[in-house]
Amino acid sequence: MKAESLRALYVVFFFLQTGWESLISLLNLRHVRVNSSRVPETFAGLVDEGTWKRSASYTRDRGSFSLIAGLVSSAFVLFMVLSGALGRIRDLVDAPSLNPRLRGILYIALISLIFRLLSLPFALYSQFVIEERHGFNKMTPRLFAADLVKGLLISGVLGFPLLWVLFLFMDAAGGLWWVYAFLFTAAFQLVMTLLYPLVVAPLFNTFTPLPEGSLKEKILRLAGLLEFKTRGIFVMDGSRRSRHSNAYFTGLGAAKRIVLFDTLLSSLPEEGVAAVLAHEIGHEKKRHLHRMLGLSLALMLAAFAVLAAARNWPPLYTAFGFSGPGDPALLVILSFCSGPFTFFLNPLLSSFSRAHEYEADAYAARAGCGAALGEALLTLGRDNLTNLSPHPWYSFYHYSHPTTAERLAALRRVGTEQAAL
Ligand SMILES: [Zn+2]
């Protein structure tokens with residue numbers, strides 16, 4: 001295949017992705033507008049009309065904003081590929097006096113910095129205009145700037161050694177470099193999964209053990225019943241940044257923990273918090289994090305195999321505007337190709353994640369928390385102005401969690417099964 005045909009193929013896939021994602025965003029926006037005037041049958045008596053309308057307005061604001069932001073960033077990506085800018089920037093940092101590995105790292109850092117700069121105005125608008133307008137923002141410009149700087153420093157501290165070792169393997173490890181590079185990157189990811197909750201997350205938030213009181217007693221009883229170590233239950237000060245509430249399970253081995261946002265504790269009754277906790281314990285008991293990690297390692301191995309196969313193929317570099325081959329260029333090309341050439345796998349990955357959510361919900365229901373979890377999902381949906389009726393194509397493609405209606409229906413099914421026993 002020639003460079004021109006390869007570039008044409010890229011452009012075709014690029015437009016397929018952008019076209020498809022814009023189409024489902026528009027469908028979703030129309031779906032929300034059509035349904036915004038009246039609470040549908042499914043939620044009659046569960047969501048009041050005022051909340052329904054506010055949620056529709058929030059969804060439309062967010063949806064049209066991310067559609068525009070997505071199109072701007074797509075246009076920029078296409079410009080970078082077709083104009084030859086990727087190659088020219090590389091030539092710019094290719095000072096022969098520098099160590100070649102250092103040059104490579106500098107180039108990749110520069111490209112990612114350009115994209116971060118481009119996304120900055122969008123992030124600011126999202127936080128300080130849209131979130132603010134709908135009453136969710138609690139972030140100050142100062143905290144926003146601090147997060148930004150910390151994020152950049154962390155990327156540098158982690159990215160530098162990772163890229164250095166990667167380039168070292170590519171230079172010196174022979175034909176099987178990609179296997180060694182994969183093993184190293186996989187080990188790096190495992191260590192990060194272990195260290196993230198202990199080292200990185202505390203740089204952004206404060207994590208405190210559950211305070212004494214009736215909630216803690218309730219949770220201790222539930223955790224004892226489900227055989228979960230309560231040392232691993234933490235409250236996070238999510239309210240520093242946003243009124244949105246959430247909970248998640250993270251970490252491996254001794255570092256594994258369940259994190260409840262303080263906003264969640266203030267919006268749910270104790271039974272609701274316990275039900276959310278049972279759901280998170282469900283993720284742990286069913287080893288969902290291990291399965292997701294396994295999947296992401298398999299995808300990583302595939303990516304390294306693709307890199308190895310494409311590395312010595314000159315048309316690839318010409319197609320993306322480089323004057324000649326080079327390992328940093330190869331990594332940048334991979335990151336530009338990863339969206340257009342894999343976006344159709346998205347529904348598969350999201351359905352995998354949704355299956356886990358159903359399993360965790362069913363686990364909570366079998367632990368006797370089904371009704372309270374249903375109530376909690378509705379309260380969280382109302383408080384967070386969640387889009388309770390997305391377009392089915394949109395949720396099928398994007399959603400990592402089933403919709404609230406789907407989860408409530410599944411919880412009812414588990415309830416009937418149990419009643420029949
Ligand atoms: Zn979950």
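A residue is termed buried if 20 or more other C-beta atoms lie within 10 Å of its own, and exposed if 12 or fewer do. The legends below describe close-up views of a predicted model.

**View 1. Buried side of helix α15 in the predicted model.** The buried residues of this helix are T404, R407, L408 and L411. They cover an arc of only 100 degrees around the axis and therefore lie on the same side of α15. The elements covering these buried residues include α13, which comprises residues 346-383.

**View 2. Length and exposed face of helix α15.** Helix α15 comprises 17 residues, 404-420, which at 1.5 Å a residue should span 24 Å. On the face turned away from the buried side, α15 carries the exposed residues T416, E417 and A420.

**View 3. R287 in the loop between α9 and α10.** The loop that holds R287 lies between α9 (270-285) and α10 (288-310). Phi of R287 is near 55 degrees, a positive value in a residue other than glycine. R287 counts as exposed because it has 12 C-beta neighbours inside 10 Å, and the limit for this class is 12 or fewer.

**View 4. L385 in the loop between α13 and α14.** L385 is located in the loop that links α13 with α14 (392-398). Its phi is near 50 degrees, again a positive value in a residue other than glycine.

Methods. Residues numbered from 1 in each chain as written. Predicted model: local features only at pLDDT ≥ 70, side-chain atom pairs only at ≥ 80, totals over all residues. Helix = DSSP H or I, 4+ residues; strand = E, 2+ residues; numbered from the N terminus. Expected span 1.5 Å × (residues − 1). Arc of directions from axis to C-beta. Contact = placed C-beta atoms within 7 Å.
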